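I opened this notebook to record what I looked up in the structure. The entries follow the order in which I consulted it.

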Amino acid sequence: MPRNYDIAELRRLDVAHHLPAQADWQEIENLGGSRIITHADGCYIHDGDGNRILDGMAGLWCVNVGYGRDELADVAREQMLELPYYNSFFKTANPPTVLLAHKIASLTQFRLPHVFFNSSGSEANDTIFRLVRQYWKLRGEPKRKTFISRWNAYHGSTVAGVSLGGMKAMHPIGDLPIPGVEHVRQPYQFNEGRDMTPEAFGTACAEAIESRILEVGPENVAAFIGEPVQGAGGVIIPPANYWPQVEAICRKYGILLICDEVICGFGRTGSMWGHETMGVKPDIIAMAKGLSSGYLPISAVAVSEEIVKVMKTGGDFVHGYTYSGHPVSAAVAIRNLEIMEREGLVDKVRNETGPHLAKCLASLNDHPLVGEARSIGLLGAVEIVADKTSGARFGGKEGTAGPMVRDICIRNGLMVRGIRDSIVMCPPLVISCEQIDDMIGIIRRSLDEAMPALKAIG
Ligand SMILES: *Cc1c(COP(=O)(O)O)cnc(C)c1O
């Protein structure tokens, strides 16, 4: 049970001293402080005002095994007492880290047999940025420095992460992107290809990558990076023919293919990896979030044999973090993956809860505010529109309906995210079909509640 916190005092201290991430600090102050989340169990979070909220976002796309797992706390405690910390700089390693590296390699069928650890998804992508450029240098092609990414991609919040990412709102903060990143169009058919067949649209988006490669000069391109399904960008599910074409283009020009599996990894799309769902074989993948179900910070980069062979000709890879290979995080991650296997969570998403979510979302298509409801595995989005035929948005541009409906959903007991004008969901992989029914019921009710205010805006 939670401690007996003084919530009003915590909110006061929050405003006075705590700067929350990815937030408008003035807005939080105006609200009198953040919502204080005190405890959680299973698929529910609880706030300081006594609200029990169904967590439709699995924390931040990460709490895949749900909250309140005793055995993860137990394994962390045991590991802390045995070896709470040691680094991997001094020709040293620790047991959980080595075992987790082997486990991750096995989950790629040993196609990506080498694993580098970090503490966050952003750090994983920073590692990839340096590793890839070093690889090309050692291969004798030092001009291959450019990364190709997509607009509206999310690859983290560090300098390299934001630069690789394609979030236009993030770029001005810190004067990013840094040079050497090229952004191309995203496979977001609802917004950018409504008049095309999925096949034609998928091909057009893949061809945009090839054109950019030719513009930059293939001899200057190091890699293409993409999330199998863009998460923070708004659950952008590409047409089925997109990724295989992207892979073929990378192979044609000898460019590395990187998949950012930070959200899609560990069963989210109904296979172990998003790239499996998309039918491609990347050279490097980044993973984080679901690796430990968020219980402790840890991320990893898995790399092909071919790349590591070249890296081994280059002496020290002068890169790494104090917490690379943290033993407690690794021990928790191993147990988290054991839970996923024991409970068959990937199969459950593929065969049971994923199809159920798709069916429930399809039932929203008759709602007057819903332009499209889409999902893959347990990743879903509902597009809110003013006009179902044209896809026009309330207020003439995106950004009005999404936050409004999100706030109503939270009031109604469901934590979801509003990204532009879509309501996005990514529940724990342990969610039941009944809880999915609840989630969709709350979304429908919240859409109904928002309708008068939205119609007034027009
Ligand atoms: C969350 C996320 C990241 C960044 O991870 P952090 O742990 O927040 O640094 C990178 N890539 C993707 C696809 C993500 O969803």
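**Entry 1: the ligand**

I began at the ligand and found one of its oxygen atoms 2.7 Å from an N or O atom in the side chain of Lys-289. Taken alone, the ligand exposes 380 Å², and the protein buries 83% of that; accessible areas come from the Shrake-Rupley method with a 1.4 Å probe, and for residues only the protein chains shown count as cover. I note that this is a predicted model, in which local features need pLDDT of at least 70 and side-chain atom pairs count only at pLDDT 80 or more, while totals for chains, interfaces and linings use all residues. Residues are numbered from 1 along each chain as its sequence is written, and side-chain values use heavy atoms, with hydrogens and water left out.

I then looked up two further atom pairs. A polar side-chain atom of Ser-122 lies 2.5 Å from an oxygen atom of the ligand. A nitrogen atom of the ligand has a backbone N or O atom of Tyr-154 at 3.3 Å.

Which residues surround the ligand? I listed Ser-120, Gly-121, Ser-122, Asn-125, Tyr-154, His-155, Gly-156, Glu-227, Asp-260, Val-262, Ile-263 and Lys-289, a residue being near a molecule if one of its heavy atoms lies within 4 Å of it. By class, this shell has three nonpolar, six polar and three charged residues (Ala, Val, Leu, Ile, Met, Phe, Trp, Tyr, Cys and Pro count as nonpolar, Asp, Glu, Lys and Arg as charged, and the others, Gly among them, as polar). Helix 6 (residues 121-138) gives the most to the shell, with three residues; helices (H or I, at least four residues) and strands (E, at least two) are DSSP runs, numbered from the N terminus.

**Entry 2: Ser-299**

I next turned to Ser-299, which is found in strand 10 (residues 299-303). Is Ser-299 buried or exposed? Ser-299 counts as buried because its relative accessibility is 0% (buried means under 20% relative accessible area, exposed over 50%, partly exposed in between, with a 1.4 Å probe and protein chains only).

The side chain of Ser-299 reaches the backbone oxygen of Ser-120 at 2.6 Å, and Ser-120 is also one of the residues that surround the ligand. Leaving aside neighbours within four places in sequence, I found Ser-299 in contact (heavy atoms within 4.5 Å) with residues including Phe-116, Ser-120, Gly-121, Met-287 and Leu-291.

**Entry 3: salt bridges**

I recorded 23 salt bridges in the structure, each a side-chain nitrogen of Lys or Arg within 4 Å of a carboxyl oxygen of Asp or Glu. The side chains of Lys-103 and Glu-341 meet in one of them, at 2.7 Å from N to O. This pair links distant parts of the chain, with Lys-103 in helix 5 (residues 95-107) and Glu-341 in helix 13 (residues 327-342), 238 residues apart. Lys-103 counts as partly exposed because its relative accessibility is 22%; Glu-341 is partly exposed at 45%.

Glu-141 and Arg-144 form a salt bridge, with the closest N and O atoms 2.9 Å apart. I found Glu-141 partly exposed at 27%, whereas Arg-144 is buried at 8%.

I also looked up Arg-335 and Glu-338, whose salt bridge has its closest N and O atoms 3.2 Å apart. The two are separated by about one helical turn because they are three residues apart in helix 13. Salt bridges that share partners join Glu-372, Arg-374, Glu-383, Arg-393, Glu-398 and Arg-420 into one network.

Key
Polar contact = N/O pair within 3.5 Å; in protein donor to acceptor, adjacent residues only side chain to side chain.
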